[in-house]
Amino acid sequence: MPVSIVIGSQWGDEGKGKITDLMSPDFDVVARYQGGANAGHTIVWEDEEGNDEEFVLHLVPSGIFHENVTCVIGNGVVLDPKAVLDEIEKIQSLGIEVEDRLKISHNAHLIMPYHKAVEAAQEEERASASDDDAIGTTGRGIGPAYTDKFARSGIRVVDLLDRDVLRQKLRRSIEEKNAILRDIYDAEALDVDRIVEEYVEFDQRIDSFVTDTSKYLCNALDDGADVLAEGAQGSLLDVDFGSYPYVTSSHPTAGGCCTGLGVPPTAVDRVLGIAKAYCTRVGNGPFPTELDNEAGEALRQKGGEFGATTGRPRRCGWLDLVALRYTSMINGFNDLAITKLDILSGMEELKVCTQYRYDGKKTRRFPSEAQTLEKVDPVYETLPGWSEDITDVRHFHELPTEAKDYLAFIGEYLDVDVGMVSNGPRRDQIISDVEQPAAA
Ligand code: GDP
Ligand code: IMO
Ligand code: MG
């Protein structure tokens with residue numbers, strides 16, 4: 001009856017979608033527990049003619065392409081009803097049955113147009129401040145929707161099913177947000193009637209998907225089902241454990257799974273961390289190993305490091321083991337999947353950050369407060385690179401020695417087994433027979 005959790009161990013975009021998709025056939029249920037359409041989870045497969053097909057999921061869990069898997073959008077997700085219905089249509093247009101396989105929590109909070117409008121106004125205001133402290137959000141309304149949830153003024157999926165309740169709650173919310181937009185941000189107010197009329201129509205379209213997903217999941221677990229919980233974003237974007245305020249507004253870390261799905265912690269028996277073989281970050285905030293130079297640009301181009309949701313160029317840098325050790329501690333990773341190892345082929349030397357220098361002293365402590373993290377300097381160890389293209393490798397023993405040593409270095413530093421290595425975007429580009437280095 002166990003739950004396994006897939007968690008981004010860096011700043012997001014580690015390849016969670018790919019790993020979740022390829023693990024899905026071993027599970028009965030795949031569930032998203034937090035975040036919203038700020039996520040962009042890319043799945044790539046080979047079609048019958050041998051061409052690569054790609055699909056980017058924002059809200060629907062990455063198990064949807066496997067017909068025996070039921071997908072759940074949990075109560076912890078903030079749901080843009082328009083975005084999810086568009087996504088469902090797109091998936092159906094590929095000939096995939098969604099209707100009986102997707103369940104949406106009746107308790108999930110909704111993202112409305114006014115959340116996006118408030119977020120845009122807030123970001124503009126922050127950007128125009130003398131110290132430009134915009135967060136660089138995805139513009140999907142995430143922060144303001146979670147704000148309403150915790151202010152107890154949010155609108156939930158269940159409210160979509162009662163037109164009178166919805167009308168009343170929407171009016172109140174839009175009027176309040178209009179006052180904020182007009183009076184605080186000097187921004188344009190929204191048309192109350194237009195939004196109300198648009199959203200009262202959603203009841204019929206969404207009704208069949210809505211259920212008490214916590215009850216569904218707990219019953220399924222009791223009946224012996226295996227559940228895969230798919231984290232969105234990354235641990236270093238967690239609202240408590242990331243470099244606040246340059247974070248998202250939810251808990252991508254392991255604890256978020258239980259509150260975001262309504263499953264007990266005692267049901268969780270595996271926490272799998274996903275880490276890119278180097279680091280990327282989209283949006284603003286400290287990034288100690290960032291390569292703001294030609295080397296960073298080379299990684300960006302070779303790794304195709306452009307946001308799957310916004311298309312923004314991702315900031316790129318060397319692997320940061322100080323940060324990974326911190327997220328491994330918080331999440332209690334049982335094992336790690338290292339992705340995009342293929343992107344490092346052809347680099348003569350690879351740098352890996354093993355300590356930070358702060359205030360003249362070396363430390364392995366990761367300071368999650370942004371103002372300290374801004375001031376640390378990375379201390380690197382240099383490892384030899386490899387020249388071979390590794391995208392066709394399917395077994396660990398076929399990897400160049402330097403690539404094996406790179407993986408061993410990560411595992412030993414973190415004291416966590418690297419159990420999977422991803423060496424290309426497609427499902428079949430995975431190495432699962434990783435040999436663990438002999439204990440020293
Ligand atoms: P997610 O948000 O964690 O699911 O990751 P994204 O989908 O935003 O970004 C990961 C990108 O890397 C996508 O374009 C994937 O298709 C691609 N990808 C995933 N794993 C690998 C890999 O091992 N090698 C390469 N070259 N690309 C990968
Ligand atoms: P996946 O699931 C990478 C970043 C934004 C910004 C910060 C806050 O694909 O890994 P938000 O819109 O959440 O309020 O933005 O978080 N961010 C992500 N970065 N991958 C993501 O999701 C992200 N979701 C949010 O760029 O820095
Ligand atoms: Mg992504």
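I began with one pair: the side chains of K82 and E198 form a salt bridge, 2.6 Å from N to O. I count a salt bridge when a side-chain nitrogen of Lys or Arg lies within 4 Å of a carboxyl oxygen of Asp or Glu. Between domain 1 and domain 2 I found 3 salt bridges.

A note on the ground rules: this is a predicted model, where local features need pLDDT of at least 70 and side-chain atom pairs count only at pLDDT 80 or more, while totals for chains, interfaces and linings use all residues. Residues are numbered from 1 along each chain as its sequence is written, and side-chain values use heavy atoms, leaving out hydrogens and water.

Next I checked the bounds. Domain 1 covers 3-101 + 212-431 and domain 2 covers 109-208, as set by an automatic or database domain assignment. Their centres, taken over C-alpha atoms, are 29 Å apart.

Then I looked at how they touch. I see 28 residues of domain 1 in contact with 25 residues of domain 2 (heavy atoms within 4.5 Å). About 2,100 Å² is buried between the two domains, with carbon and sulfur atoms giving 55%; buried area is the accessible area (1.4 Å probe) that two parts lose on being put together, summed over both. On the domain 1 side, V78, P81 and L85 lose the most area to domain 2, together 26% of what that side buries.

How values were computed: Chains lettered and ligands numbered in written order.
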